[in-house]
Structure formats: structure tokens, C-alpha cells
Amino acid sequence: MITGISGVFLLIGPLAAKLGVSLPVSLMDTLHIYVGFAFFGLSVVHLALN
């Protein structure tokens, strides 16, 4: 859910900036990357255990 929401922010960020709306794109970029790595790591652990 977090990666989905942050991905949408990253997708519409440039368009919103052209319209004059400021979105926290750099925060969402950082959050998207770290949560993505965490989910990847947890997926590897899940596969190893099952």
C-alpha cells in the first residue's frame, strides 16, 4: 500500500508541479525506495522459509 501510494505521488508529481501544486516528491521517492527494498528483503526471507 505504501509503495503504491508513493508511486502515484511520483507519477503525478511533475504534472502537479506544472499546475502549481507542491507535492512532497523527494520524501515519497525516499520512502518508495526504502520500503521497496524492505519488501524485497522480506520476500527473499519468505521464500527461503517456505
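Visitor: At roughly what angle do the axes of H1 and H2 cross?

Guide: In this predicted model, the axes of helices H1 and H2 come within 9 Å of each other. The crossing of H1 and H2 is left-handed. The angle between the two axes is roughly 145°.

Visitor: Which residues of H2 make the contact with H1?

Guide: On the H1 side, the contact is made by Ile2, Thr3, Ser6, Gly7, Phe9, Leu10 and Gly13. By class, the contact of H1 with H2 has eight nonpolar, six polar and one charged residues. The H2 side is formed by Val25, Met28, Asp29, Leu31, His32, Val35, Gly36 and Phe39.

Visitor: With which residues is Thr3 in contact, leaving aside its neighbours within four places in sequence?

Guide: Thr3 lies in helix H1. Leaving aside neighbours within four places in sequence, the contacts of Thr3 are with His32, Val35, Gly36 and Phe39.

Visitor: Why does Thr3 count as partly exposed?

Guide: A residue is called buried under 20% relative accessible area and exposed over 50%, with partly exposed in between. Thr3 therefore falls into the partly exposed class, because its relative accessible area is 24%.

Visitor: Where is Pro24 placed, and what distance separates its C-alpha atom from that of Phe9?

Guide: Helix H1 covers 2–18 and helix H2 covers 25–49, and Pro24 belongs to the loop between them. Its relative accessibility of 37% is the reason why Pro24 counts as partly exposed. Pro24 and Phe9 are 15 residues apart along the chain, and their C-alpha atoms are separated by 8.0 Å.

Visitor: Why is the protein described as more spread out than a compact globule, and what is its radius of gyration?

Guide: The protein has two helices and zero strands. For 50 residues the globule rule gives 10 Å, and the protein is well over that value, so it is more spread out than a compact globule. Along the principal axes, the C-alpha atoms fill a box of roughly 50 × 15 × 10 Å. The radius of gyration is 14 Å.

Notes. Residues numbered from 1 in each chain as written. Predicted model: local features only at pLDDT ≥ 70, side-chain atom pairs only at ≥ 80, totals over all residues. Heavy atoms only, no water. Helix = DSSP H or I, 4+ residues; strand = E, 2+ residues; numbered from the N terminus. Buried < 20%, exposed > 50% of the residue type's maximum accessible area, 1.4 Å probe, protein only. Axes fitted to C-alpha atoms, helices over the stretch in contact; angles between N-to-C directions. Left-handed = near helix turned anticlockwise from the far one by under 90°. Contact = heavy atoms within 4.5 Å. Nonpolar A, V, L, I, M, F, W, Y, C, P; charged D, E, K, R; others polar. Rg over C-alpha atoms; globule rule 2.2 N^0.38 Å.
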